[in-house]
Amino acid sequence: CRELFSKADGQLHIRKETLTSLDYFVIGYCMESASDTVRSIELICQLTAEGLDIIAQKLTCMENVKMLKIEQGDLGHKDKLLALKNLLHKLPNLESLDLSENRIRAEGMKELCAASSHLSSLTTLNLSENYIG
């Protein structure tokens with residue numbers, strides 16, 4: 001977990017082209033074991049719906065996380081958006097959500113709006129370089 005998580009500044013940063021099932025379990029374990037100190041999560045990689053589900057299942061609630069960035073995750077598929085919705089429910093105090101470069105289309109945007117409606121602290125949303133019109 002040490003190469004993924006910087007305890008000093010509370011950042012969990014994953015930058016990898018493709019993640020294996022084992023990678024998802026390690027990420028979930030790191031999040032679970034450091035849930036009190038994680039403030040920022042950055043995933044810059046291709047994601048699978050199953051992988052996002054593994055991460056979401058490992059989390060109970062990460063109230064301290066203020067920033068989530070998922071870039072190049074190819075979230076335009078309905079199953080991935082559903083998995084993202086499950087993950088967002090574990091991050092109730094999110095202030096910044098960056099979903100740039102994820103191939104999200106207009107239909108997916110409706111799902112995303114519904115999934116983020118409970119995020120009352122959200123002040124920044126980056127949806128650049130998607131296919132939303």
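Leaving aside its neighbours within four places in sequence, which residues is L84 in contact with? I noted that the model is a predicted one, in which local features need pLDDT of at least 70 and side-chain atom pairs count only at pLDDT 80 or more, while totals for chains, interfaces and linings use all residues. Residues are numbered from 1 along each chain as its sequence is written, and side-chain values use heavy atoms, with hydrogens and water left out.

With those neighbours set aside, I found L84 in contact (heavy atoms within 4.5 Å) with L52, I70, L75, L99 and L112. I placed L84 in helix α3, residues 78-88, where helices are DSSP runs of H or I with at least four residues and strands are runs of E with at least two, numbered from the N terminus. L84 counts as buried because its relative accessibility is 1%, the cut-off for buried being under 20% relative accessible area with a 1.4 Å probe and protein chains only. I also looked up S116, 32 residues from L84 along the chain, and found their C-alpha atoms separated by 9.8 Å.

Turning to the whole chain, I listed four helices and six strands, which follow the pattern β-β-α-β-α-β-α-β-α-β along the sequence. Buried residues make up 44% of the 133 residues, and of the contacts with a separation of 6 or more, 85% come from residues 24 or more positions apart. Finally, I recorded that the C-alpha trace spans about 40 × 30 × 20 Å along its principal axes.

Methods. Buried means under 20% relative accessible area, exposed over 50%, partly exposed in between (1.4 Å probe, protein chains only).
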